[in-house]
Amino acid sequence: KMTQQMRDLQLAQARKPPGPSSPNAAKRLYRNLSGKFRVNYTSFDEGSLVGRGEKEKLRKSYLFQSNAALFEAVELQDLDRVQELLKQYSPEELDLNTPNSEGLLPLDIAIMTNNAPIARALLQAGAKESPHFVSLESRSLHLSTLVREAEQRVNELTAQVVNEAPNADCSEKEKQLKAWEWRFRLYKRMKAGFEHARVPDAPSNVHLSVASSSSVQVTFWEPLSVNSAVVTKYKVEWSCSPTFSPPVGEAVIDKLKNLHFTIQGLVSGTAYYVRVSAYNMKGWSPPQASVPPFAIPSNWREYDGRAPRRRGQAEALDHLLGQVKTVHQHCVCHEPCKNQPQSRKHSVSKSLKHLFHPGSKFLKTLKRGLYLTAIFYKDDNILVTHEDQIPVVEIDDTYSCLLMQDFLWFTKVSCMWDEILWLRQCVTVSQSSCSCILQTRFKMLLAISQMQGLLGIQDLGQVFFEPVKDRQGNILIVTLKEVKTNQTFESVRWVPICKLQTSRKSVSSPEEPTALDTLLISIQDKLTYHQRSSHALSPGLYLGYLKLCSAVDQIRVLVPEQLPNILCHVKIRSNPNISREEWEWLQKMASVEEPVPAEPEADTSQNPLFQELQVAIRELMTLVNIPLQEAKDFRLYSQEVLDFGDKVSFLLLLPPSDDVCTAPGQNNPYTPRSGFLTLPLQIFELGEER
């Protein structure tokens, strides 16, 4: 069968242009061809193609050529070209795991020529070994056949070249001979690579940890030895017995992007032993037991049977809101809305009229009052009115001192942008006799509705954590939203931020800029804050630092500028779960009522969590610029682990109780000087929820 395949290949080559006469010639050929392969076939004139069948035929030819280019790159050991092709095409487009006419895959060639960098690049892309090699004997026989038939073909062509007189056919035969000589050397190198390879050493640094009350996670590294063939897969085994008799289960890992595996569906409270083996083309390595040798699935909540803090809270709030809406459906404030069809018609006509005057409701200047501005941005562009102004609407022209409680109320309303009309109807129940505060909040709702109507969008984004003020008595509440799609808005257009900043003509002096000028000057900082506040932490267990400071009307919390929606923190480890045994140890540490130790003691030095905490505490103190000796009285919050979903959890490090929250005028020794900011506690809570 192999002989027939080689003959078919020879006949096919006889009909094609001359093949490569040497590795260098082959390299030049496939580079030139691959340059042509990159032509976008959809750019051809559609009129020149005869229906879909012709386009499909062209597409298949295009993908076949990219597959051939990949084989050429692997055979010529051109790592740069292999990486370029893997980046340019998907595994399906490259037919990455479809054997060629010799029964080989790109990964087979890479590992048998012992080209570890190319083999790893292929494995990262999802490459597999040929399914034809079911045993060592079958692989050896296949390679011997390839070498023998290539050698036979070289001998035949050599005889033809020697015996024939010089002519065009002879020149063609010489080119074929050089190509086959090169292929013969390749097959011999592959055969030698296979024969000299040995089974891999066991994986290194096999670590076992508790992932949840029903799962454990094992992480590992490649074998330390580099003298054997490339490892192409790993096997994880687990059992309730240290002898692994009987085994409970096993899993083969052939996706090697991340060397870890989570064993799920385990019984809580049962000890499981785990070991890992590595595989290459010569077979499996000896198994390597994990450290520690076993783990017991559990969670810190099992220590006292505590339920998750937030279980059912979202559903309960939705149910409560639904009940409130039901009560207000029959409220008198809704009756005028039902009995005024003519007024509604007039309102619609009025709104249509405003389409012909798109800038009539947006303000260009401020006149000592409270205002709302919405900043929508996309890449380096910002949304402005037709008069090149940031969209601004008036809330109250008699309100010159924004109370913090009103501002915090507004930030809560930002979680209900779609419910503004309903909120307005509820507030109007006693508007005639309501307090000044309620009137201000009703005007806030009116301004929100006006902004939503003028822009044609409900979601105005996230409220910036503090309003922009000037000495003339103007106050700007700022909302920020990033637009990632080609969304259309009414009465506005996009302009580059730099153009807006340079083209605006300020009417104020540099010493006393207006709130709008201040907003434009600092707009990039606000956009950066908004982008950073939407970043999420990678899965893991973190150590957070809780530091508060109080003022007359608010409490503020210390956060890093790079991630303002999270407390100051460092990562302890990638596994977010705290096991029951680890939590018991933390409780014992807390009951001693001593400071966090700086040096390990004999009975705790072997505890992995203790060692991880020591490293994390040192990193955190360095981050917040607090000398380690000043942190001797700090303590770990031992009441609970703060869980943020299933993938992120926090342990809290607290200053001494008298210094957790600093009062106005009090010396604050535990606050860093730069790289951090303080947010109102309610703003921080809303940001964390987002």
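Buried means under 20% relative accessible area. The model here is predicted.

Q: Why does F464 count as buried?
A: Its relative accessibility is 7%. The cut-off is under 20%. So F464 counts as buried.

Q: What makes F465 buried or exposed?
A: F465 has a relative accessible area of 9%. Buried means under 20%. Therefore F465 is buried.

Q: Why is the pair of F464 and F465 called tilted?
A: The ring centres lie 4.6 Å apart, and the planes stand at 45 degrees. Rings pair if their centres lie within 6.5 Å. Planes under 30 degrees apart count as stacked, over 60 as edge-to-face, and the rest as tilted. So this pair is tilted.

Q: What makes the pair of F464 and Y529 edge-to-face?
A: The angle between the planes is 85 degrees, with 5.2 Å from centre to centre. Over 60 degrees counts as edge-to-face.

Q: Why does this pair tie together parts that are 65 residues apart in sequence?
A: Because F464 lies in the loop between strand 12 and strand 13, while Y529 lies in helix 18. Ring pairs link F464, F465 and Y529 into a cluster.

Q: How do you know whether Y529 is buried or exposed?
A: Y529 has a relative accessible area of 8%. Buried means under 20%. So Y529 is buried.

Q: Why is helix 13 called oblique to helix 15?
A: The two helices pack at an angle of about 40 degrees, with axes 11 Å apart. Angles under 35 degrees count as roughly parallel, and 65 to 115 as roughly perpendicular. The angle of about 40 degrees therefore makes helix 13 oblique to helix 15.

Note on methods. Residues numbered from 1 in each chain as written. Predicted model: local features only at pLDDT ≥ 70, side-chain atom pairs only at ≥ 80, totals over all residues. Heavy atoms only, no water. Axes fitted to C-alpha atoms, helices over the stretch in contact; angles between N-to-C directions. Helix = DSSP H or I, 4+ residues; strand = E, 2+ residues; numbered from the N terminus. Parallel < 35°, antiparallel > 145°, perpendicular 65-115°, else oblique. Phe/Tyr/Trp six-rings, centres within 6.5 Å; stacked < 30°, edge-to-face > 60°. Buried < 20%, exposed > 50% of the residue type's maximum accessible area, 1.4 Å probe, protein only.
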